[in-house]
Structure formats: structure tokens, C-alpha cells
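Dear colleague,

I am handing over the structure we spoke about, and below it I have set out what was found in it. Please read the notes with the structure open beside you.

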Amino acid sequence: MKSKDLLPIHHNERKIGVRGFFMMWIGMAILLATFDIGASGIQGISLPWVVLATLIGCVAIGAFISLIGDIGVEHGLSFPVYMRAPFGTVGTHIPSVTRAVTASFWFGLNTYFGSTAINAILNTMNPSFDNWLLCYIVFALFQLINTASGIKWVERFADLAAPIIVIFSLIIYQTLTTEITRQGSNVWDWVASPVTGGVAITAFMVVIFANMGFWATLGCDIPTISRHFKAPRYERNWFKRNKTTLIGTLIAMPITEAFMIMIGAAAFIVAGTSNPVTALQDTASGWMLAMLLLMIVLTQWSTNTAANVLPAAAIFSNVLGPKVSHAIAVFVVGIVGTIIQPWSVYEILTQVLLIIGAVLSSVSGILFADYYLLRKRRVNVPDLFDTEGQYRFNGGVNIVGFISWAVGGVIATIFMTYSFIIGFVIAAVIYYIFSKYWYFRKFPQAEISYPSDNDYLGITVGRDWFIVTDSNLDYKSEEGK
């Protein structure tokens, strides 16, 4: 419960600013799985509509991410620790591990794509070399060591990689569109099998919700990252307090992802695949190919460290106990992500994204209802670290959280096209009603029964939550220094 790596981050320990998170988003939003959405989208509708749908989906999910991110900014809490409130001190492990396995899935998939690019680079330099598995192992180790070194090293890599990624992305797009023009086509007009009417609307909505489902995972555990964001003390304006999150999710992410969608579409037109590694091998050669493939490696690396390994490591550290440090948990993510072998489902990736979005959208809805509607951002943080505190509920499990998650997830899965919004709303409504009118009457919550900003808010009232691990004291709260 009081593992060092899970304790609240204090104000003077927060190192990530607006520029840092902006750069992190450039790195996170550029990955090969994003290209598949672009390739899938132009099967039925033209690229301008695919890009518009992407921007809508990204801004929508960005708003959700920013809302949930306030948990980390306000209280310095990670995702698995706050999940003790809506799911219980023991129950937190089930939805948290679901998210961790998903993040591990993405780690394995992105590392595989990066390793194929590395293999292609080495093959260009030495035609006799062809060993993607060796490249996978070495590439995975570099990413895991980078993440194990801490959030600041993750930001430093993003600062280094982002400018290179932007330049190389422009070169890739130019290379692919030049080849399309040479073939007598136009990337903005090309459609594999044009559809109209209701079918076109459905195709448009699929792109929107595929993008939302794509980032639904980060929408859940953004507090694990946002707890490291710099924010002003005593700032009651929500927008000013969450400026770092908002600029990253509403500006950097939509623009970057839309451009990656364009590259994915162009790659499909050129080579019949959304994988630009294959497309580039058909359109470039020599050192040009090597440089472009290097960009692919950097994008997978920067995405994995911030969006996948870091959040999943916090969860595994929570599940496996205080003896499992952040560094050890990072390597657990690598092992799990490799064992899953997620590259085997790449061809059905869009469908997988929608399913993942359906399941995890319910968790985001529950977090929103619990944090904003019921507790109104006030949290009895010390009890989150107390096995006998108010979040123990019934044997460590808040059954309302699981009921809401199950119902929301199932219904969202049935209506896959609109999975994220359906799962979010249904789970939030069920959780709010059952908690307010039944469960929290049975298990009173101090911050709801006696709402006090001074007692239960964090940075808004200048507080750093200080959890004492000495056996003689359960906790104490320390006012802002």
C-alpha cells in the first residue's frame, strides 16, 4: 500500500512542463499502429474526411484525458492508487492489470515494428544481416533502461527525438506522395471502394471512435504521467491548473496524429499496406531509406516509454508489492509484452482498438463520476494507503465499481462503432446512482460526508500529501511549503 514509487508526488518534485509534455505527445502520437487507421479509413472515404474524423476523435478523447489528468495534477496520485477509491484497495488490481496488460501489448507491438525497421536498416548496410528477433531484444532493452531511469529521462529522450521525428515525417510523406503522383493518382482523392450515404457516415464515425479507442487506454491512467506535471499552487482555475495537459492533448496530439493518418493512407496507396516500413522499402533506397527507417525506430521508442511502459510499471509495482521497485516493474512490462506476441494481431488492429476502447471507456467513466460528480475533486488521500481505511469497503472491494464496469463494457462492446462514448456514459451513470443512493450510505466517504477544501484538496489549497511509512504512524498531511 505504501510502496515508495506509488506515494504522492510533491510540488517540488514535479519536473515536466508544457514544452516537455508537448514533445512527449509528438513522440507518443507517431507510431505505426496509427498508420493503420489511415489505411483503413481510405477504404471507403477520401483522406480529407479521414483527417477530419481523426481531428474530431483526437480532440474529444483529449478532453477526456485532460479531465482525468486532474487527479494526478491536483493530488499527485498515480492511476492504480486512485483506483482504490472506485474499486477498493484490493479490487483496484483487476481493472488496473487489464490496463497494464493492454499497455504491455502496445509495448510489444511497437517494439516489434521498431525492430523490423532496425533490421531493415542493418540489412541495407549489410545485405547478409536478417535477424529481427535480435533487433527486438536489443531495442526492447534500450527502451526499458530509458524508462527505468525515471520520468525525466523519458522527457529528455522526447526532447531529443521530437524534432528529428517531425523532419523525417515530412520527408516520408513527401517521398510517398511523390510516388503516388508518379503513378498518376492523388493522395487526397484516392479511395479504394467509395461508399455513400449511411455507409459513408458509419465509415466516418468508425475513424472517430477508432482514434478515441486508440487513446482510451491513456485516458484511464493519465494520472500516472500528469502527477509529474508542474502546476501553480493555490490555483482554483481548472484550465490554468491543467494547462500542461490541455496543450499536449488538444494541440500536439490531434495535429501529430492527423499527419500520421495521412502517412498511413499514402503508404497504403503506394504499397497496399499501412506499414510504412514496407512502403518505404519500395520507394527509397540507400542512406535515404536508412534515415527514414531510423525515424520509425525513434517514434516507437518515444511512444513506448511514456504511453506504455511508464503507466504499466506503476500498476505492476502496485500489484506485486513494495519489493518490486519501479525499475523491476519496467522489465515486467517488457516480459509481459513480449510473451503476448501482439504483432500476430496487427492485421485486425482497428477492431482490436475498438474492443479495447469499449472495455476501458467504462473505467474512464467511473473515474469521472467518482472524482468529479461524487467527491468533487476532494479525496481522502491518506486512507488510500490504509488497508483498514474508508476505501476497504467490503473486503477491499467496491462492488459498484465492478458492476458499472461490467455493464458499461458489455453494452459498449455490443455497439462497437460508438464504443467509447457509450461505455463512458453508461458506466458513469450507473456508478453515480448506485454509489450516491446506496453504497456510499453503507460505506460513508469522509470527503463526501464532510466536504472540506482545506482537508481534502491538494495543490489547489497548496497541500502536498505526505504519507508516513513509519510503523508508529499511519499518516500525516503536510501543508504546502
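The side chains of D70 and R377 come together in a salt bridge, with 3.0 Å from N to O, a salt bridge being a side-chain nitrogen of Lys or Arg within 4 Å of a carboxyl oxygen of Asp or Glu. This pair ties together distant parts of the chain, since D70 belongs to helix α3 (residues 47-75) and R377 to the loop between α15 (349-374) and α16 (381-384), 307 residues apart. Helices here are DSSP runs of H or I with at least four residues, numbered from the N terminus. D70 counts as buried because its relative accessibility is 0%, and R377 is also buried, with a relative accessible area of 15%; buried means under 20% relative accessible area, exposed over 50%, and partly exposed in between, with a 1.4 Å probe and protein chains only.

Please keep in mind that this is a predicted model, in which local features need pLDDT of at least 70 and side-chain atom pairs count only at pLDDT 80 or more, while totals for chains, interfaces and linings use all residues. Residues are numbered from 1 along each chain as its sequence is written, and side-chain values use heavy atoms, with hydrogens and water left out.

By the rule above, the count comes to 14 salt bridges. One of them joins D464 to R233, with the closest N and O atoms 3.1 Å apart, and it links D464 in the segment after α20 (453-456) with R233 in the loop between α9 and α10 (238-241), 231 residues apart. Both D464 and R233 are buried. Another is formed by D453 and R236, whose closest N and O atoms are 3.3 Å apart; D453 lies in helix α20 and R236 in the loop between α9 and α10, 217 residues apart. In this pair D453 is partly exposed, with a relative accessible area of 26%, whereas R236 is exposed at 52%. Salt bridges that share partners also join D70, E74, R241 and R377 into one network.

Leaving aside residues up to four places away in sequence, W25 touches I65, W215, L218, G248, T249, A252 and M253, where contact means heavy atoms within 4.5 Å.

On a 1 Å grid over the protein atoms alone, a pocket is an open set of points with protein on both sides within 12 Å along at least five of seven lines, a cavity is a set where a 1.4 Å probe fits but cannot get out, and lining residues have an atom within 4 Å of a point. α13 (286-320) gives the most to the lining of the largest pocket, with four residues.

The count comes to one cavity of 30 Å³ or more, and about 80 Å³ of space lies in the largest cavity. Ten residues line this cavity, and W106, F214, W215, T217 and N308 lie nearest its centre. The largest share of the lining of the largest cavity, four residues, comes from α9.

With best wishes

Key. Helix = DSSP H or I, 4+ residues; strand = E, 2+ residues; numbered from the N terminus. Points joined across faces, edges and corners; volume = space filled by probe spheres on them.
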